[in-house]
Amino acid sequence: MFDDLLRALKDRLLEPLARRLGPGLSPDLVTLVACGAGLAAAAAAWRGAYGAAVALWALNRLLDGLDGTLARVHARQTDFGGYLDILLDFVVYAAVPAGLALGRTDRATLVACVALLGSFFVNAASWMYLSAV
């Protein structure tokens, strides 16, 4: 329901950047760099560098939106690229709460991180099942 609306908005915002970057930049490379930024966010959270963690998370989200826009704008969409994108998204979705949890010892943070992880994977199971139907 919201996905089509939000994708159109995201593409409208990122399309000028995707066009400037040109067809020579691999969307898969952008996906890999996005994953690196997400893993760096997790490491920063683990170290307690929360400002850096948020900035790296924001970079991860920006690049995660850019890879698909780049692929669509330059007609470089592939099934592998879509698979790689969602796989590495979930690597980051697991790593960030784990980084937060590993950097803290208070029970409230640990419970919140477990709940966050659980919500990511319940959500994923839900949309994966619906996409198969």
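Are H3 and H4 roughly parallel or roughly antiparallel to each other? Keep in mind that you're looking at a predicted model, then select helix H3 (residues 50-73) and helix H4 (residues 79-102). Their axes come within 12 Å and cross at roughly 170°. Angles over 145 degrees count as roughly antiparallel, so that's what H3 and H4 are.

**Stop 1: where H3 and H4 touch.** On the H3 side, show Tyr-50, Trp-57, Asn-60, Arg-61, Asp-64 and Asp-67. Across from them, on H4, pick Asp-85, Asp-89, Val-92, Tyr-93, Val-96 and Leu-100. Colour this contact by class and you'll get 6 nonpolar, 1 polar and 5 charged residues.

**Stop 2: the largest nonpolar core.** Now select Cys-35, Ala-41, Ala-42, Leu-84, Leu-88, Val-92, Ala-95 and Val-96, the 8 residues of this core. Helix H2 (27-47) and H4 each supply at least two of its residues, and H4 gives the most, with 5. Zoom in on Ala-41: leaving aside neighbours within four places in sequence, Ala-41 is in contact with Ala-53, Leu-56, Trp-57 and Val-96.

**Stop 3: the other core.** There's a second, separate core of 7 residues.

**Stop 4: Thr-31.** Go back to helix H2 and click on Thr-31. Its relative accessibility is 5%, so Thr-31 counts as buried. Beyond its neighbours within four places in sequence, Thr-31 is in contact with Asp-67, Leu-84, Asp-85 and Leu-88. You've already had Asp-67 and Asp-85 on screen, in the contact between H3 and H4, while Leu-84 and Leu-88 belong to the largest nonpolar core.

Methods:
Residues numbered from 1 in each chain as written. Predicted model: local features only at pLDDT ≥ 70, side-chain atom pairs only at ≥ 80, totals over all residues. Heavy atoms only, no water. Axes fitted to C-alpha atoms, helices over the stretch in contact; angles between N-to-C directions. Helix = DSSP H or I, 4+ residues; strand = E, 2+ residues; numbered from the N terminus. Parallel < 35°, antiparallel > 145°, perpendicular 65-115°, else oblique. Contact = heavy atoms within 4.5 Å. Nonpolar A, V, L, I, M, F, W, Y, C, P; charged D, E, K, R; others polar. Core = buried A, V, L, I, M, F, W, Y, C linked by side-chain atoms within 4.5 Å. Buried < 20%, exposed > 50% of the residue type's maximum accessible area, 1.4 Å probe, protein only.
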